[in-house]
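I open these entries to record what I looked up, and in what order.

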Protein chains: 2
Amino acid sequence: MLPSNWYVPDPLRQAMHYSLMAGGKRLRPVCVLLACESLNGRDVAAEPVACAVEMIHTYSLVHDDLPALDNDDYRRGKPTNHKVYGEAMAILAGDGLLTHAFHTIVQSSRQFGVPADVALAIVEELAEYAGMRGMVGGQAADMLGEQGITTIEQLEYIHLHKTGDLIVFSLRAGGRIAGANEAQLQALTIYGTKLGLAFQIQDDILDVVGDEAMLGKAKGSDEKSGKVTYPYFIGLEASQQEVERLTREAKQAISDAGFPVPERLFELADYLMKRNH
Amino acid sequence: MLPSNWYVPDPLRQAMHYSLMAGGKRLRPVCVLLACESLNGRDVAAEPVACAVEMIHTYSLVHDDLPALDNDDYRRGKPTNHKVYGEAMAILAGDGLLTHAFHTIVQSSRQFGVPADVALAIVEELAEYAGMRGMVGGQAADMLGEQGITTIEQLEYIHLHKTGDLIVFSLRAGGRIAGANEAQLQALTIYGTKLGLAFQIQDDILDVVGDEAMLGKAKGSDEKSGKVTYPYFIGLEASQQEVERLTREAKQAISDAGFPVPERLFELADYLMKRNH
């Protein structure tokens, strides 16, 4: 029991809740749960980690939308966090979500019996994949990049880290909870890396050809803000082929490793390739 | 070994490094190490945690100094992070430091043999004490408070959480690494709570009577920005007496619990009471 002076100030709680519950595909939690299932693991033990990774993803969106970064007014068709709660509270809400994600991971051990060394390895990997060498590094590189300066190799770095790392983390964490061995973790890493890159290229494509109502934001925003994208470098058709190739290779990695229940990982890859928002 | 595309983008690394190495009292790392020593623990195992808590403290300063929050141009006599690296990079540098703190804690287990369940408990407590119910909650309450609205009870909430929680965490984590039992952890909690409150009241006092060159910032900034403080509510003399009372009680808690090597914890309390910056 925490003392009575331990509570979350209301505006902070509301700001955190607002963005966490603003919808979205929940792709990363799905990756945690599907990886766990694909190795016959217990879903219930993976749930805290699934929640944690969505908190990390949400905090990254809240901070990324701030005026100093992408300066976005809308996200998923709703006003962004700082438009509703102000910049200061949006910064703190992001900090709160980021910090609470680590608390939530520990609960997989406290409440669902995940061994302490497994939970600790998941904490370590979250800090690695979401941190300065991972997602935050990708965000920084993205912010520094612009048309005419960024190369396609740097764009791949941005996509791999800004988007891919959290997907890879999610799959590995779900695998770890199911007791994955090193070969299985490696297969999930390859699957996640290729899936994440395909996902981000598809995002770039949708920014050009997508339906604004489905996307919940204005299309063409990348070009307008001078962002480099795959279509910018190699055109739409080659980008689409790249998505198909990466999806095929992602599925192959899982096939090759002989997972006991791989079907839903295959379905997820196909679903993401065909998505329109 | 991480793949070669895992690195920290240079401007992000520089921004993180700049604030982490900008000096300061290193009070929180000292608390980790002294608590560990006071129970005859191994310093070397506590060092990663000492580093981690300074990363957390530093990130909180970087975000707190941002224009949307306190809008400070100087910290410890040097330009604040966003004045040097820009707001966007300062936000990301804070996120990077916050995330890497958790990675660093895990290294106490990986490299110095701290048992996984102890390291996991430290992760959990850091997320609690630094999170939405702890330091971030205190920051939010501080931001929302102003003269004429905030009561002295709310001010105590702000001080306890914004400043006290990370000090309490530091002492408990150092104690845990030394194998502290529940009674010893409880004594460290009381010591830290009272020390943290005394520390913050002393900060308030120094903002009124301190030497600007020693403080590294302009004095009177609290009054100017309409912040509530202990001197604002109860005056300077009563505030000073409160610092002395809290310091005495902090030391008493350690005395009562019969720590094997309590001397340096006593010295720290006395030192903080007499500090002039």
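**Entry 1. Helix pair in chain A.** I worked from a predicted model. I first listed the residues that join H3(A) to H8(A). From H3(A) I noted A:Ala45, A:Ala46, A:Val49, A:Val53, A:Ile56, A:His57 and A:Asp64; from H8(A) I noted A:Lys162, A:Leu166, A:Phe169, A:Ser170, A:Ala173 and A:Ile177. Sorted by class, this contact has nine nonpolar, two polar and two charged residues.

I then looked up the geometry. Helix H3 covers residues 43-64 of chain A and helix H8 covers residues 152-177; their axes come within 9 Å and cross at roughly 170 degrees.

Entry 2. The H3(B) side of the contact consists of B:Ala45, B:Ala46, B:Val49, B:Val53, B:Ile56, B:His57 and B:Asp64, while H8(B) contributes B:Lys162, B:Leu166, B:Phe169, B:Ser170, B:Ala173 and B:Ile177. By class I recorded nine nonpolar, two polar and two charged residues.

**Entry 3. Extent of the interface.** How many residues of chain B are in contact with chain A? I found 57 residues of chain B in contact with 57 residues of chain A. The area buried between the two chains is about 5,100 Å², and carbon and sulfur atoms give 77% of it. On the chain B side, B:Trp6, B:Leu120 and B:Met132 lose the most area to chain A, together 14% of what that side buries.

Entry 4. I counted two salt bridges between chain B and chain A. One of them joins B:Glu124 to A:Arg110, with the closest N and O atoms 2.7 Å apart.

**Entry 5. Make-up of the chain B side.** Which helices of chain B supply at least two residues each to the side that touches chain A? I listed H1 (10-20), H3, H5 (87-112), H6 (116-129), H7 (135-144) and H8. H5(B) gives the largest share, 16 residues. By class, the residues of this side divide into 36 nonpolar, 13 polar and eight charged.

Key
Residues are numbered from 1 along each chain as its sequence is written. Chains are lettered from A and ligands numbered from 1 in the order in which they are written. This is a predicted model: local features need pLDDT of at least 70, side-chain atom pairs count only at pLDDT 80 or more; totals for chains, interfaces and linings use all residues. Side-chain values use heavy atoms; hydrogens and water are left out. Contact means heavy atoms within 4.5 Å. Helices (H or I, at least four residues) and strands (E, at least two) are DSSP runs, numbered from the N terminus. Ala, Val, Leu, Ile, Met, Phe, Trp, Tyr, Cys and Pro count as nonpolar, Asp, Glu, Lys and Arg as charged, and the others, Gly among them, as polar. Axes are lines fitted to C-alpha atoms, for helices over the stretch in contact, and angles run from 0 to 180 degrees between N-to-C directions. Buried area is the accessible area (1.4 Å probe) that two parts lose on being put together, summed over both. A salt bridge is a side-chain nitrogen of Lys or Arg within 4 Å of a carboxyl oxygen of Asp or Glu.
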